[in-house]
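Please look at the sequence and the three-dimensional model shown here before reading on. The paragraphs after it lead from the whole chain to single pairs of side chains.

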Amino acid sequence: MNQNTTNPLGTEPVGKLLWKFAVPSIISMLVISLYNIVDQFFIGRVVGTVGNAATNVAFPMTTLCIATSLAFGIGGASGFNLNMGAGNKRKAMYFVGNALTMMFSIGLAVALVSFIFLKPMLVFFGAPSDGGADSVLNYAMEYVRILVIGFPFVVVSSGGAHLIRADGSPRYSMVCNLSGALINVALDYLFVMVFRWGMSGAAAATVIGQIFSFGLVFYYMKHYKAAKLELSHLTPHRKIVFRMLHLGMAQCLNQLAIMIVQIVMNRSLTYYGALSVYGAEIPLACVGIIMKVNQIYFSFCIGTSQGMQPIASFNRGAGKFKRVKQSYLIAVMMTTVVSIFAFCIFQLFPENIIGLFGRGNGDYLIFGEKFLRTFLFMTFLNGIQPITSTFCTAVSEPNKGAFLSLTRQIIFFLPLVLVMPLIFMHFGRQGIDGMMYTAPISDTLAAIVSIIMVRYVFKKFDKIEKNGLETEI
């Protein structure tokens, strides 16, 4: 009980806490986005459209690493904060140690599998299997061969940032990611623009930045504030691991869903692009740019949701439901303001955005401008679903969080990607144009379902307060 009354997560104003935790989280997420988009920026200017298409094909591998980091980073952080809120410090530290072990182990396994099965994986991810030395496939293979070296380090550095934030050090968490990203930017310029190392240079710059961030996370774990991290905490315990996966399932499934959608999108863009006036390479390059630019905006939403997580989890564990609700409502208001601003940028300056990543021919700009405006038309609603999904996980409702994480990508978006091009072709339009309308429809439906779900969770909290019922955390 003393922990509940003295910890600032349970006493300071919620708005102040959310600002304190969300801003570093947002910066951290922006930095993660920079890892992906900086490569695209320099590659687009030196290698060109084919290079941008290659990074888009390789992107699902990075998404898989982020899914792993979120599963155990968010899951470990939620388990840690829930147990700290309930006054169970001893159990809380096992969530931290087990998370670190699992993240590094799985990151290493993903790197080995990716290296061994590199070519068939990239073809499966959407790279055209034909072409010579300057083909999308060859550029993607050159890029990923080096990128896989950093997989264990990026998983631990990204996931470890959540564990550091959960320990009450959001600024250090931000520094871990920010320093690595700045190194990546500087080395990208040096390796790609100055030394002209192309795809290999961009990949090497990314890996070096990831290793540096990993070093900062490793250093912090030796000085964890809540309690000393011991070797026994690193030994995986089945109950702890499964609880982490349960708590981190929503964010992990959301990233896995994004990866599946990326693969289906790439294959569809290659197929329908080849049937259109644009060819296969222009849609692959343009949509890769659009998805990564959207990821910059989405970093605000995800960062806010991550900043909300320790506040909601701690107060849920302490039974302070009014503060739990406040954390959600303030987070939604913050993301909605940012979402409206992003919507205006996307609609007013699409050509400028596409042009930042290299100048293609007229078809390149025409397709990119049209696709960006339509695909991101419902951006102003996009903050609701990630906030609600993370909130449900943070307050020990992981099944609801997992379901919400699947709504936009799997339940709505994926079927539309498969159906909309066929509908357009049936009416004499290009199939590639039908893919533009999948996102705005999915965004609208996901927002509606999220609002319905959070109303149900709020009512459950009211019932617990009224009847004195409690659930296991």
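This is a predicted model: local features need pLDDT of at least 70, side-chain atom pairs count only at pLDDT 80 or more; totals for chains, interfaces and linings use all residues.

Residues are numbered from 1 along each chain as its sequence is written, and side-chain values use heavy atoms, with hydrogens and water left out.

The protein has 19 helices and 0 strands. Both kinds of element are DSSP runs numbered from the N terminus, a helix being H or I with at least four residues and a strand being E with at least two. Along its principal axes, the C-alpha trace spans about 65 × 45 × 35 Å. For 473 residues, a compact globule would have a radius of gyration near 23 Å, and the value of 22 Å for the protein agrees with this. That radius is taken over C-alpha atoms, and the globule rule is 2.2 Å times the number of residues to the power 0.38.

How much of the protein is buried? Buried residues account for 61% of the 473 residues. Here, buried means under 20% relative accessible area, exposed means over 50%, and partly exposed lies in between (1.4 Å probe, protein chains only).

Attention now passes to charge. Side chains of opposite charge can pair when their charged atoms come close. The structure holds 6 salt bridges, a salt bridge being a side-chain nitrogen of Lys or Arg within 4 Å of a carboxyl oxygen of Asp or Glu.

One of them joins Glu369 and Arg373, at 2.9 Å from N to O. Glu369 and Arg373 are 4 residues apart in helix α15 (residues 362-375), so about one helical turn separates them. Glu369 counts as partly exposed at 23% relative accessibility, and Arg373 is partly exposed at 31%.

Lys370 and Asp433 also meet in a salt bridge, with an N to O distance of 3.4 Å. Because Asp433 lies in helix α18 (residues 431-434) and Lys370 in helix α15, this pair ties together parts that are 63 residues apart in sequence. Asp433 is buried, with a relative accessible area of 5%, whereas Lys370 counts as partly exposed at 31%.

A further salt bridge links Lys460 and Glu397, whose closest N and O atoms are 2.7 Å apart. Lys460 belongs to helix α19 (residues 438-467) and Glu397 to the loop between α16 (384-394) and α17 (398-426), so this pair ties together parts that are 63 residues apart in sequence. Lys460 is partly exposed, with a relative accessible area of 28%, while Glu397 is buried at 7%. Glu397 and Lys460 also belong, with Lys400, to a network of salt bridges.

Finally, where do positive charges gather on the surface? Lys16, Lys20, Arg171 and Lys225 form a patch of positive charge there. Such patches are made of residues with over 30% relative accessible area and no salt bridge, like charges being joined within 9 Å. Within this group, Arg171 lies in helix α8 (residues 170-194) and counts as exposed because its relative accessibility is 67%.

Methods: Patches are made of residues with over 30% relative accessible area and no salt bridge: like charges are joined within 9 Å, nonpolar side chains (Val, Leu, Ile, Met, Phe, Trp, Tyr) within 5 Å. Accessible areas come from the Shrake-Rupley method with a 1.4 Å probe; for residues, only the protein chains shown count as cover. Lys and Arg count as positive and Asp and Glu as negative; His and the chain ends are not counted. The place of a charge is taken as NZ of Lys, CZ of Arg, CG of Asp or CD of Glu.
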